[in-house]
Amino acid sequence: MTPIPHKTTHASRTAGLTYILKKSLLSALVALVLFSLMVGVRTEAGSDGQLTYWTRFGEVAALVAGVFGGSIVIELLRQWIGPAGAEKLVPPAVQSGMSFVGRYLAPALLIFTLLVPVIFYNQRYILDLAILVLTYVMLGWGLNVVVGLAGLLDLGYVAFYAVGAYSYALLATNFGWSFWVCLPLAGILAAFWGVLLGFPVLRLRGDYLAIVTLAFGEIIRLVIINWQSLTGGPNGVPGIPRPSFFGIPLDNSDDGLAAKLGIEYSPTHRIVFLFYLILALALLTNWVTIRLRRLPIGRAWEALREDEVACRALGINTTTTKLTAFATGAMFGGFAGAFFATRQGFISPESFTFQESALVLAIVVLGGMGSQLGVALAALAMIGGFELFRGLETYRMLVFGMAMVLIMIWRPRGLIGHRAPTVYLTKAQAISSDLVKEGHG
Amino acid sequence: MSGDKILSVDQLTMRFGGIVAVQDLSFSAERKKITALIGPNGAGKTTVFNCITGFYKPSGGSIRLAHDDGKIIALERLNDFRIAKQAKVARTFQNIRLFPGMTALENLMVAQHNALMRASGLTFLGLIGAPGYRDAEKRAIDLATDWLRRVNLLDRADDAAGNFAYGDQRRLEIARAMCTEPALLCLDEPAAGLNARESAALSELLLSIRNELGTSILLIEHDMSVVMEISDHIVVMDHGVKIAQGTPRQVRDDPKVIAAYLGADEEEAVAVMEGGS
C-alpha cells in the first residue's frame with residue numbers, strides 16, 4: 001500500500017477541527033441536560049417535612065466542561081493515533097523499531113516468564129499474581145480458538161472452566177484420584193459439554209449465538225448451586241487435594257519432595273511448582289493452537305469465520321468444524337479449571353460467574369482476535385494492570401475502564417490486529433486487520 | 001441431444017411459498033462440454049444453480065449426476081456440503097465469496113480441506129507431524145501453485161485475497177473451485193464486472209479447463225460474447241421455464257429467445273445477439 005502524502009493527512013486533520021468542536025458541543029449538551037437535574041438541583045425534606053431544595057450550578061458547569069474537554073481529547077486521540085491508517089502517521093524509523101520489538105517480544109516474554117520464580121522467589125504476592133495472569137492467559141488462548149479463529153461469539157466460556165474445576169474437585173475428593181489422572185478427564189468432560197452446547201447453537205449466528213452461550217454459562221452455574229447432593233451447592237467443595245510432583249507430595253513430611261532432595265522445606269516450593277504447572281499447561285495450549293491453525297481443521301475454522309457459505313460450497317462440513325472448535329476451546333477451559341481447583345483447594349459457584357466469561361472475552365478482544373501474543377499481552381494488561389491500580393482504591397475501576405476505552409480507540413481491532421498466514425510460497429506477509437473478518441456467530 | 005450426459009435435470013420445480021421460481025425444467029449437460037444457462041434477469045437461473053449445488057432443496061423433480069465411473073448420484077437427496085464433498089460439484093458465486101482475510105494460497109488450501117483432512121488422520125496424525133501428512137500438504141501446495149499459475153496469480157500467492165482486483169478475485173474463485181477437483185464446475189456469472197480483455201482471458205481459461213482437464217462446466221452468464229464463444233450447448237430460460245435449447249447458432253436465431261430478451265422488438269434483439277458473436 002502506498003503511503004498517503006503528509007499534506008493530505010494534515011489537511012484532513014485541520015478540516016476535522018469544526019467536526020471535533022461540533023461533536024464535543026453535542027456531548028456537552030447531552031451532559032448539561034442529564035446533569036442539570038441529577039446534580040444541579042438537590043432536594044431534601046426540611047425540618048417540618050416540607051420540601052427544600054438548593055441549586056449547585058457550579059458543579060454542573062464543571063461536569064459539562066469536563067465532558068466537553070474530554071470529548072475533544074478523545075477525538076484528537078482518535079484522529080492522531082488511530083484507528084484506521086494509524087501506521088501511516090508513524091515515522092518509518094519508529095515503525096521499523098516496532099517491528100524489531102515485535103519479532104523479539106514473544107521470545108523475550110517467554111524467557112522472562114520462565115525466570116519469574118527465580119527473580120521474585122521471596123515475593124509471594126508477585127508469584128501469586130503471575131499464576132493468576134497465566135491462568136487467564138491460558139483461558140484467553142482457549143477461548144481464542146472459538147472466538148478468534150472460528151469467529152463464534154461465546155459468552156459462556158466460564159461454564160467449561162467450571163466443568164473442569166468441578167470434575168477434578170469431585171473426582172479427587174470422592175475417589176481419591178490423582179491430579180494427573182483427573183487433568184485429562186477434566187479436559188475430556190469439558191470438551192463433551194462443549195459439544196453438547198455446540199449442537200443447539202449450530203444454526204444460530206451473531207447476537208443469538210451470544211445469548212444462548214450466555215444462558216448456557218448461567219445454566220451450568222445454577223445446576224452447580226442447586227445440585228446440593230453432588231456439588232455441595234453454594235457451600236462448594238472443600239479439601240481438594242494439592243497436586244503432587246508426580247506422586248511425591250510437596251509438603252514438609254518425610255515423604256515430601258523437600259525431604260527427598262535433602263533441602264529445607266519452604267511453602268514457596270509449592271507456589272513455584274504451581275507456577276511452572278500453569279506455565280506448562282498454557283504453553284501446551286499455545287503449541288496445540290499454533291499447530292492446529294496450520295492443519296486443515298484450523299484453516300477450516302478461519303475460513304468459517306471468513307465466509308460460511310463458501311465453506312459449504314467447498315465441501316467443508318460446517319457442523320463438525322464448529323463442534324470441534326467448541327470442543328477444543330472447552331477442553332483448554334477444562335484444563336484451566338482443574339488447575340484452578342487444585343491451586344485454590346476450595347471451589348464454589350461464586351468463582352464461575354458471568355463476570356469471568358466477560359473478562360476472558362475482553363482479554364481475547366483486547367488482544368486482537370486470533371493473535372496468540374496479543375492475548376497474552378492483554379491478559380497481562382487486564383489482570384496485572386488491574387493490580388497495578390490497586391493504590392488508587394476507589395478510583396481503580398474508573399481508571400481501569402478509561403484505560404480500556406483508550407486502548408480500544410487507539411487499536412479498535414486489538415493490540416495485535418494483523419493476521420499471520422498459515423502457509424506461504426515465498427514470504428509470509430502479515431494481513432491487515434481491515435481485511436480479516438470478525439466472524440458472524 | 002445425444003451423447004454422454006454428466007448432469008440430467010428432470011422436471012425440476014422450485015417453489016418459494018406461492019411463488020414458482022422454476023417449473024418443470026428439464027435439461028442435461030454433456031460430459032467434457034460447456035453448457036450455458038442463459039435468460040433475462042429473474043428467469044430463475046440462479047435458483048436452478050442453488051438446487052443443483054444443494055443450497056436449496058427442490059420442491060419437485062430430480063437431478064442426476066453421472067460420474068466417470070458410471071456411479072449415479074441423486075443430487076436432490078444430498079444436501080449442503082455433501083454435494084461438493086461426495087458428488088464433486090464445485091461452484092462459484094455471483095457476488096464473489098472468497099476468504100478475504102486469507103492469502104490466495106490459503107484460499108486454495110481450504111478448498112482441498114477434505115483430502116487434507118483424510119491425510120492428517122482427522123487432525124491427530126497432523127498434530128504429531130506424521131510424514132504422510134507432510135507429503136500430502138506438499139502435494140496440496142503443488143496443486144494450489146499449479147492453479148495459481150494457470151490463473152496468472154502466482155506472483156500474488158502470499159497476498160490477502162481481499163486485496164485483489166475484481167477480475168483477479170473472479171479468477172481466484174474459479175481456481176479455488178477447481179482445487180476441489182470437481183467432476184462438474186458450476187459458474188454463476190463468471191464474467192460479470194469484467195472488461196473485454198478480462199472476459200477474453202476468462203473464455204480462454206474455461207476452454208483450457210474443458211480441453212486439458214476434461215472437466216464439465218455449467219455456467220450462467222449474461223455476457224453473450226463469452227457464452228457464444230465457448231458454449232457447446234445453451235439452455236434458455238424465462239420466467240422459470242425452458243424456452244429454447246441448442247447450439248449457440250440455433251439459440252441465437254430462435255425468435256422465442258429474442259422475444260424473451262427484448263420484448264417483441266426483434267430487430268434490436270438480433271442486433272444484440274449478433275453483436276455478441
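Predicted model: local features only at pLDDT ≥ 70, side-chain atom pairs only at ≥ 80, totals over all residues.
Two strands pair if DSSP finds at least two bridges between them.

**First stop: the β1–β2 hairpin of chain A**

Select residues 41–45 of chain A, which form strand β1(A), together with residues 51–55, which form β2(A); the two run antiparallel and are joined by five bridges. Between the strands of this hairpin lie five residues, and Gly49(A) takes a positive phi near 90° there. For a point of reference across the pair, display Arg42(A) and, opposite it in β2(A), Trp54(A). How many of the five residues of β1(A) are buried? The count is zero, and the strand is hardly covered.

**Second stop: the domains of chain A**

Next, colour chain A by its two domains, residues 6–81 for domain 1 and residues 99–410 for domain 2. The C-alpha centres of these domains of chain A are 41 Å apart.

Select residues 318–344 of chain A to bring up helix α14(A), which has 27 residues. From its first C-alpha to its last, α14(A) reaches 39 Å, close to the 39 Å expected at 1.5 Å a residue. Is this helix largely enclosed or largely open to the outside? Of the 27 residues of α14(A), 22 are buried, so the helix is largely enclosed by the rest of the structure. Step past the end of the helix to Gly345(A), which follows α14(A) and has a positive phi near 80°.

**Fourth stop: where the chains meet**

Now show both chains. The contact takes in 33 residues of chain A and 34 residues of chain B. On the side of chain A that touches chain B, at least two residues each come from α12 (296–306) and α13 (308–313) of chain A. The largest share of that side, seven residues, is supplied by α12(A). Coloured by class, the side of chain A that touches chain B shows 18 nonpolar, six polar and nine charged residues.

Hide chain A and turn to the strands of chain B. Six of them form an open sheet of mixed pairing, in the order β6-β7-β8-β3-β9-β10. At the edges are β6 and β10 (241–246) of chain B, each pairing on one side only. Neighbouring strands of the sheet are turned by 20° against each other on average, direction ignored.

Within the sheet, select β3 (residues 34–38) and β9 (residues 233–238) of chain B, a parallel pair with four bridges. Ala36(B) has Ile234(B) in β9(B) as its bridge partner.

**Last stop: two loop residues of chain B**

Which loop holds Lys88(B)? Look between α2 (81–85) and β6 (89–91) of chain B. Lys88(B) has a positive phi of about 60°, although it is not a glycine.

Finally, select Asn152(B), in the loop between α6 (131–150) and α7 (166–178) of chain B. Asn152(B) is likewise a residue other than glycine with a positive phi, near 65°. Asn152(B) has 13 C-beta neighbours inside 10 Å and counts as partly exposed, since a residue is exposed at 12 or fewer.

Conventions: Residues numbered from 1 in each chain as written. Chains lettered and ligands numbered in written order. Buried ≥ 20, exposed ≤ 12 C-beta atoms within 10 Å, placed from the backbone. Contact = placed C-beta atoms within 7 Å. Nonpolar A, V, L, I, M, F, W, Y, C, P; charged D, E, K, R; others polar. Domains from an automatic or database assignment. Expected span 1.5 Å × (residues − 1). Axes fitted to C-alpha atoms, helices over the stretch in contact; angles between N-to-C directions.
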